[in-house]
Amino acid sequence: MTITGTTPTPRRARTRYDERMYALMNRREGAPLYATAGRRRAVVVAHVLLTVASLAAVFSALATATVWLSFLPLVLLLPWCMATGVINASTRGLLELRTRVLDERQLAERDRVRALAHRLTTYVLLCAVAGGIVVGELGGLTVGGVVLPVLISALAMHWLMPLWVAGMTAQDEPADEMDE
Amino acid sequence: MLRAERKVSRQALADAVGAHYQTIGYIERGQYNPSLDLALRMAEFFELPVEALFSLRPFRPLTDEVYGRKQ
């Protein structure tokens with residue numbers, strides 16, 4: 001769009017990688033897997049469980065030096081990748097494709113998703129901090145020396161980073177010709 | 001609907017105006033308001049003024065227009 005006195009900002013051209021990824025994310029073969037809201041929710045729940053199980057297996061393997069536990073994440077990797085693919089296909093690559101490939105509605109949708117995800121992560125970190133304090137105070141268990149400060153710092157950073165970024169990227173007030 | 005009347009698929013319109021085919025569906029269902037830029041590109045595609053495609057108020061049903069009914 002050209003407004004009198006301005007030049008439109010050119011959009012960066014799509015690369016072959018962009019085209020390939022766009023085609024991949026818009027393939028319809030797996031559509032029955034995410035055709036209904038119920039199926040999409042089930043896939044997301046499965047993805048969350050697979051992620052938690054993989055992380056738990058890694059942490060347990062490190063803590064106990066159990067060999068078979070260290071292979072469990074590899075076994076879970078295939079279903080995890082499949083679930084990731086289904087979620088990406090259901091969103092048509094909303095979080096996977098580059099900005100230049102998405103249209104204005106998809107960019108607005110991506111911003112909305114990220115804002116919601118950011119808010120949810122803030123609550124999760126807040127719960128983790130509160131849990132750490134409660135466990136330390138009431139449970140009599142000592143949360144590792146640096147764990148709680150690191151967790152609180154991560155929460156503060158996560159909570160305030162959007163404010164800092166917004167402040168740093170705020171634009172100058174445009175001059176009104178009528179004032180001149 | 002103008003797109004169906006002109007026998008243009010969502011994909012063809014989306015390709016012509018540089019949008020995703022789902023976005024065309026969102027606009028047609030009134031679930032997304034396009035930017036002025038996209039609205040102008042759609043109007044250009046149909047060779048119509050933008051106000052023939054988009055309005056602040058709901059369009060009158062075509063039957064009312066044709067038969068001159070008053071709402």
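Residues are numbered from 1 along each chain as its sequence is written, and chains are lettered from A, and ligands numbered from 1, in the order in which they are written. Because the model is predicted, local features need pLDDT of at least 70 and side-chain atom pairs count only at pLDDT 80 or more, while totals for chains, interfaces and linings use all residues.

The scores for the model are ipTM 0.80 and pTM 0.80. Helices here are DSSP runs of H or I with at least four residues, strands are runs of E with at least two, and both are numbered from the N terminus.

Two packed helices are described by the angle between their axes and the distance between the axes. In chain A, the axes of α4(A) and α5(A) (residues 147-169) come within 9 Å and cross at roughly 155 degrees. Axes are lines fitted to C-alpha atoms, for helices over the stretch in contact, and angles run from 0 to 180 degrees between N-to-C directions. The angle makes α4(A) roughly antiparallel to α5(A); angles over 145 degrees count as such, under 35 as roughly parallel, 65 to 115 as roughly perpendicular and the rest as oblique. Residues are in contact if their C-beta atoms, placed from the backbone, lie within 7 Å. The contact includes Leu125(A) of α4(A) and Leu151(A) of α5(A). By class, it has twelve nonpolar, five polar and no charged residues. Ala, Val, Leu, Ile, Met, Phe, Trp, Tyr, Cys and Pro count as nonpolar, Asp, Glu, Lys and Arg as charged, and the others, Gly among them, as polar.

Asp103(A) is found in the loop between α3 (67-90) and α4 (104-137) of chain A. Asp103(A) is buried, with 20 other C-beta atoms within 10 Å; the cut-off for buried is 20 or more, for exposed 12 or fewer, and partly exposed lies in between. Leaving aside neighbours within four places in sequence, Asp103(A) is in contact with Gly18(B), Ala19(B), His20(B) and Thr23(B).

Between the chains, twelve residues of chain B are in contact with six residues of chain A. On the chain B side, α4(B) gives the most, with four residues.

Definitions and conventions
Two residues are in contact if their C-beta atoms, placed from the backbone, lie within 7 Å.
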